[in-house]
Amino acid sequence: MDLNLLMPWLGAAALILSLGNTVNGFFTSGAKQTAKDLTTTKNDLVGLISTLTKLVEDQDRRLQAVEIEMKHLPDAKSFMELRLSISDMAGKMGRLEESQLGVSRTVRRVENFLMKQGASEEE
């Protein structure tokens, strides 16, 4: 068998293998980088999701604390009743003040009367 007859076929096979290897290398070299990028992105997303989960849990706790405090605050009706009660107390205090002023004037007059009567008895 003559090797000269096989040389064109062996050259063609080598060329096809070389082209196939080049094409395969071209397409698979990016796949490794893409896989690496996907892994990095996945790790970043896991960290971001855990951070966001923690933030949501913190906000939820704060919201629950506010809701608990809101239960203890008076509603609009209770606040209005409280306002009316304070207004009523202010009116009563005003009447007591007027009454106290009248009593104070009477006590001064009695005191002055007694002082004058005591001064006239000493003479």
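Predicted model: local features only at pLDDT ≥ 70, side-chain atom pairs only at ≥ 80, totals over all residues.
Student: In which helix is Thr-41 found?

Tutor: The protein contains two helices and zero strands. Residues 3-72 form the helix that holds Thr-41, namely helix 1.

Student: Does Thr-41 count as buried, partly exposed or exposed, and why?

Tutor: Buried means under 20% relative accessible area and exposed means over 50%, with partly exposed in between. Because Thr-41 has 41% relative accessibility, this residue counts as partly exposed.

Student: How many Å apart in space are Thr-41 and Leu-10, C-alpha to C-alpha?

Tutor: In sequence, Thr-41 and Leu-10 are 31 residues apart. In space, their C-alpha to C-alpha separation is 46 Å.

Student: What radius of gyration does the protein have, against that of a compact globule of 123 residues?

Tutor: Along its principal axes, the C-alpha trace spans about 170 × 35 × 15 Å. A compact globule of 123 residues would have a radius of gyration near 14 Å, but that of the protein is 51 Å.

Student: What percentage of the 123 residues in the protein is buried?

Tutor: The protein exposes about 11,700 Å², of which carbon and sulfur atoms supply 65%. A buried residue has under 20% relative accessible area. Among the 123 residues, the buried share is 0%.

Student: How many Å apart are the centres of the positive and negative side chains?

Tutor: The protein carries 15 positive and 17 negative side chains. The centres of these two sets are separated by 3 Å.

Methods. Residues numbered from 1 in each chain as written. Heavy atoms only, no water. Helix = DSSP H or I, 4+ residues; strand = E, 2+ residues; numbered from the N terminus. Buried < 20%, exposed > 50% of the residue type's maximum accessible area, 1.4 Å probe, protein only. Rg over C-alpha atoms; globule rule 2.2 N^0.38 Å. Areas by Shrake-Rupley, 256 points an atom, 1.4 Å probe, with all protein chains shown as cover. Lys, Arg positive; Asp, Glu negative; His and termini not counted. Charge placed at Lys NZ, Arg CZ, Asp CG, Glu CD.
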